Amino acid sequence: MAGKAIWKGFIHFGEFSVPVKLHTAVREQGIQFHLLHETDRVRLAQKMICAYEKLPVPREEQVKGFEVEEGKYVIVDPEELEHADPEVSRAIEVHEFVKAGWIDPIFVDRTYYLGPDASTGQYKALAGAMGETGVEGVCTWAMRKRSYFGALKVEGKVLRLQTLRYADEVMAIGALELPDIAVSQKELEIGAELIGKLTVPFEPAKFQNEHLKKVQELIEKKVRGEEIAIRRVRRVKPTESDKLLQALEASLKKVA
């Protein structure tokens, strides 16, 4: 199980309630850089500058405004915004169930683990029932003054909670306006054969964050005082339409 719980609540639907703890399931990897003054290597402090007076504005004089038209704003006080805060609740309300796999991955935002809080009987019963019936729960909840829309899933004996994007946040596929390009049957057959030879079980541990690794190596070299050689970026040319079959056949020979 993941580390310390970041939130506690309960899954609720019908007359059924399951106390749970929310755990982070994903750990972001990255390197933190700071902005410095080049001449003396001292960290820079961020200040909010008035675009009109060209002077820094202290925090007590800063307000939030929504632009209703160019240069015209409606000022909104923090106390007024509190009226829009969701009702305080610890309930993850499951509104309906859908078949597992029916939720398009494009809607998925973040994933959390849900562990049992107190008795595990109800938790095991829910996880087991969802696994047996092959369903996912569509739910809503409020956490840290925000409302969430998400999916309750089960993986083995562990429940997962995923935050989902709302429908109006996802761009329609039709917006791509893909051109209608003809592809020969031979190209489709060779492409399918190539994909088949490259199809293996998913093993994420085989892949590493190469960019992060290279940045770490760069920093270590800089610390040791080594000179950094700047390499030219290798640019890959797209395969031309009239050479698609030739490129597919060449790729197939490499993996044969």
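A search of the whole structure, a predicted model, turns up four salt bridges, each being a side-chain nitrogen of Lys or Arg within 4 Å of a carboxyl oxygen of Asp or Glu. Local features here need pLDDT of at least 70 and side-chain atom pairs count only at pLDDT 80 or more, while totals for chains, interfaces and linings use all residues of this predicted model. Numbering runs from 1 along each chain as its sequence is written, and side-chain values use heavy atoms, with hydrogens and water left out.

| Salt bridge | N to O distance |
|---|---|
| Asp109 and Arg165 | 3.8 Å |
| Lys153 and Glu136 | 3.7 Å |
| Arg224 and Glu226 | 2.6 Å |

Take Asp109 and Arg165, which meet in a salt bridge. This pair ties together distant parts of the chain, 56 residues apart: Asp109 sits in strand β6 (residues 108–116) and Arg165 in the loop between β9 (158–164) and α3 (185–198). Helices (H or I, at least four residues) and strands (E, at least two) are DSSP runs, numbered from the N terminus. As for exposure, buried means under 20% relative accessible area, exposed over 50%, and partly exposed in between, with a 1.4 Å probe and protein chains only. Asp109 is partly exposed at 46%, and Arg165 is partly exposed at 31%.

Then there's Lys153 with Glu136. They link distant parts of the chain too, with Lys153 in strand β8 (residues 146–155) and Glu136 in strand β7 (residues 135–143), 17 residues apart. Lys153 counts as buried because its relative accessibility is 18%, and Glu136 is buried at 8%.

In the pair of Arg224 and Glu226, Arg224 is exposed at 51%, whereas Glu226 is partly exposed at 37%.

Phe33, Ile219 and Val223 make a nonpolar patch of about 320 Å². Patches take residues with over 30% relative accessible area and no salt bridge, joining nonpolar side chains (Val, Leu, Ile, Met, Phe, Trp, Tyr) within 5 Å and like charges within 9 Å; the areas come from the Shrake-Rupley method with a 1.4 Å probe. Phe33 lies in the loop between β2 (16–24) and β3 (64–69) and counts as exposed because its relative accessibility is 58%.

Finally, the largest pocket holds about 440 Å³ of space. A pocket is an open set of points on a 1 Å grid where a 1.4 Å probe fits, with protein on both sides within 12 Å along at least five of seven lines, and lining residues have an atom within 4 Å of a point. Its lining has 14 residues, with Lys214, Leu218, Ile228, Ala229 and Arg231 nearest the centre.

Key
Grid points are joined across faces, edges and corners, and a volume is the space filled by probe spheres set on the points.
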